[in-house]
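Let's take a friendly walk through this model together.

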Amino acid sequence: MTGAALVRARLYAAVRFSAVAGLVLALAEALDRLKVLRPSIDGAADAARLAVLCGASVLLVTLVGTMLLAFLVGIETLRTAVRKRYSRLAPRWRGIATLATAALAGAAVARVQSLAAPWVIEGPVVRVIRRVDNKIRDLGLLGDHPKIVFTVLLILTVLALALFAAWLFSAPGRRGKLASASASAVLMLVVLAAYAADSRIEFTRYEAMFHVPLGIIYSAGAALAVTVAARAFGEVERIGRCGVVTVLTILAMSYGLASISYGAVAMDSSQNAKALFWGRSVLARRVLLAAKVLTDGDGDGFSDAFGGADADDTDPKVNPLAPEVPGNGRDDNCIGGDLAASSVPVGSLFGGEGPPTEQRPASYRNVVFIVVDALRADRLSCYGNTRITSPNIDAFAAGSLLFENAYAQGTNTGHSLTSAFRSSYGDDIFDDRIPSLAEVLSTRGYRVACLNAVRMDIWLNANRWQRYRALIDDVEALHTEGERVWNAEQLTDQAIATLDQSSGQPHFLWIHYFDTHQPRRVHPEFDYGRGAAAVFDSNVSYVDRAVGRLLDYLRATGRLADTAVIITADHGEAFGEHGATDHSNKPYLNNTLVPLIVRVPGGPTGRFVEPCGLVDVAPTVLAWTDTPVPPAYRGIDLAAAARLGSMPRRCIVSETPRNLIESSFYTWAMVRWPYKIMWDLRSNAWELYDIETDRDEVHNLTDRRPELADEMRQALGAWLDRETARTGGRGPTDSELSD
Ligand SMILES: [Ca+2]
Ligand SMILES: [Ca+2]
Ligand SMILES: [Ca+2]
Ligand SMILES: [Zn+2]
């Protein structure tokens, strides 16, 4: 074979090997996901749906693999052509030809480099490398001349690829076949390791800077691995035409097309499979996401194909992030239908008497507000941890109010505490017309101070936290110099010293522990093992001992007689459930369920199962301090409710914080005991759980209990309709908040 026929044969092989690689990767993903998600997969039909959807990976791998292999074919064709011309030249012309080629190549590199400069050399790649550089001190990866470093790297890469292409497209001898077999095995292992990283590390965030590039790299790697494997059997262009490869290619294409067709028309046939696919599949999800972007007819970021939420894909004002406009006959926010004009709340949230302005020496009714960052409720023994992690908090809780189902309104510190301090949901938490708890208490003559384990100048100080930092505007910061982070013992020493000096002025002291937040270490005196939960528990016990000392101090000094004590957390923490670690994740219970223990001197005690939220903290504190509650506050006085013996049955809502880094979701959750519904408006997938019996949220009931699901959907829709109609969706979007 020569010339054009050879190039055609190679390109033909490239497409087929890439498709085979896609088949291998898609099957691997399907098997892996079916295994990982087994507890949540409801029957064989859902398993089959998920397996079909995973086939979307084939299309990406075929595309990316073909592009890489075609590039290699191009280089090899160029190399042989140049070589042929060279061999025909008289020896004295060869030197001149070499110089001319080098000059041409140099010009080409310079051109590529100048084109690439804005978006590669001065763009994200250099930023990422510099960030790594800063983390690993003085690595000097780029030196002072990033352009030169890049030029050298580019030339070396092209030379290496040319050598590799020459090897790949040469006729292999016996040793060449052996080398190909082992090289392809190594390549495949690297591909699988990259898939493992993609599917298991930071799964719910860093889409653009981590997952998408990684997915493209190992898609190309898989196509390469298959091509190198083919060389173990003979010349790649010959193997590319053999019957087995033809059959595999047809299978691969059918799998990919079945996935796309199913996704396009039948995505909503099972909400369980849909939620698992969008939430947990790896490459396949990103392929269908691209398909969604391509089918977004009005450019509002949402499609109606592939089960998307856009209720009218010809009108960009209709999308799930739009505010509901009452009585205009259309479902602007794509949930809950049109809001009837008559159901718009009458009057303003901000009317009424507003925050109290009188300064009066309040009675000595103090508050100690203890927040343990990231302390998910079920790691405390009084919240069901079978390991006795928290004897001190348990004992204190026995003489207090303990709320078994208290939810943070957002899954990170900023969102959760801003919501707690303004007793608000959604966009309202950013509304400075709503006075914060700190502002109200300061006006009242209180000393409102924060002893944060993290030094206040660095706490929540990155760009993306700025809107949330308003929460500490009216708070006196007490940790402003010295160590960056105090451990629980140091923080407790400081708390006791602060309380010792505070007399003559009523105080609200917010004490913020940080040991349960990452990075965590094992405390030898509480060594429960090395698993994520065990290490977490070690820190729970470490904080518990310190909190116990603080409580002993309050008791011994008689301060408990005039001090209300609240022990809570800003959010929980995930240990790999739902594919996530850390927090700032979807509002699953592991991230939203927080301890809430309230002791008001002379007040009621007992355990309550009815749902409540951190929105209730501020009204409870204000009631204790005998301060009028601003009319915009959404929570209730928990002590008063407990005194009545029964808590009101309410819907409690939690949501995705607005400043996550490249998160793959935007989810609302509503608890109406004992059920919880979750709507991710990016994927338009629904999850319904009975959280009384299913604490791990693995059995999605949306398909099994359609009537209940409808009812809950209506409830969440009505809530979102009223909220967005009232606020006009004026809250900052995530892009405004991200840095
Ligand atoms: Ca649209
Ligand atoms: Ca609506
Ligand atoms: Ca409407
Ligand atoms: Zn936090």
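## The protein as a whole

Of the 739 residues in the protein, 54% are buried. Please keep in mind that this is a predicted model. The secondary structure comprises 23 helices and 17 strands, and the C-alpha trace spans about 105 × 55 × 45 Å along its principal axes.

The accessible surface amounts to about 31,600 Å², and carbon and sulfur atoms account for 60% of that area. As for contacts, if you take those with a sequence separation of 6 or more, 71% of them link residues 24 or more positions apart.

## Helix α1 against helix α7

Let's start the packing tour with helix α1 (residues 3-36) and helix α7 (residues 174-200), whose axes come within 12 Å and cross at roughly 45 degrees. An angle between 35 and 65 degrees is classed as oblique, so α1 and α7 are oblique to each other. The crossing of α1 past α7 is right-handed.

Which residues of α1 and α7 meet? On the α1 side they are Val-24, Leu-25, Glu-29, Asp-32, Arg-33 and Val-36. On the α7 side they are Met-188, Val-191, Tyr-195, Ser-199 and Arg-200. Sorted by class, the residues of this contact are 6 nonpolar, 1 polar and 4 charged.

## Helix α8 and its two partners

Helix α8 (residues 207-231) packs against helix α6 (residues 146-168), with axes that come within 11 Å and cross at roughly 40 degrees. The two helices, α6 and α8, are therefore oblique to each other. From α6, the residues Phe-164, Trp-167 and Leu-168 meet Leu-224, Thr-227, Val-228 and Arg-231 of α8. This contact of α6 with α8 consists of 5 nonpolar, 1 polar and 1 charged residues.

## Backbone geometry worth a look

Most peptide bonds are trans, and most residues other than glycine have a negative phi. Gln-518 and Pro-519 are joined by a cis peptide bond, with omega at about -5 degrees. Pro-519 lies in the loop between β6 (507-513) and α18 (532-556). Another cis peptide bond links Trp-673 to Pro-674, with omega at about 0 degrees, and Pro-674 sits in the loop between β15 (667-672) and β16 (675-680).

Two residues have a positive phi without being glycine. Leu-460 has a phi of about 50 degrees and belongs to the loop between β4 (447-452) and α16 (466-469). Asp-582 has a phi of about 65 degrees and is part of strand β9 (residues 581-582). Are these residues buried or exposed? The cut-off for buried is under 20% relative accessible area: Leu-460, at 9%, is therefore buried, and so is Asp-582, at 14%.

Ala-725 is a residue of helix α22 (residues 706-727). With a relative accessible area of 22%, Ala-725 is partly exposed. The C-alpha atoms of Ala-725 and Pro-323 are 5.7 Å apart, although the two residues are separated by 402 residues in sequence.

Gly-531 brings us back to the loop between β6 and α18, where Pro-519 is also found. Gly-531 counts as partly exposed, at 39% relative accessibility. From Gly-531 to Phe-575 the C-alpha to C-alpha distance is 9.2 Å, and the pair is 44 residues apart in sequence.

Technical notes: Residues are numbered from 1 along each chain as its sequence is written. Chains are lettered from A and ligands numbered from 1 in the order in which they are written. This is a predicted model: local features need pLDDT of at least 70, side-chain atom pairs count only at pLDDT 80 or more; totals for chains, interfaces and linings use all residues. Side-chain values use heavy atoms; hydrogens and water are left out. Axes are lines fitted to C-alpha atoms, for helices over the stretch in contact, and angles run from 0 to 180 degrees between N-to-C directions. Helices (H or I, at least four residues) and strands (E, at least two) are DSSP runs, numbered from the N terminus. Angles under 35 degrees count as roughly parallel, over 145 as roughly antiparallel, 65 to 115 as roughly perpendicular and the rest as oblique. Contact means heavy atoms within 4.5 Å. Ala, Val, Leu, Ile, Met, Phe, Trp, Tyr, Cys and Pro count as nonpolar, Asp, Glu, Lys and Arg as charged, and the others, Gly among them, as polar. A crossing is left-handed if the near helix is turned anticlockwise from the far one by less than a right angle, and right-handed if clockwise. Buried means under 20% relative accessible area, exposed over 50%, partly exposed in between (1.4 Å probe, protein chains only). Accessible areas come from the Shrake-Rupley method with a 1.4 Å probe; for residues, only the protein chains shown count as cover.
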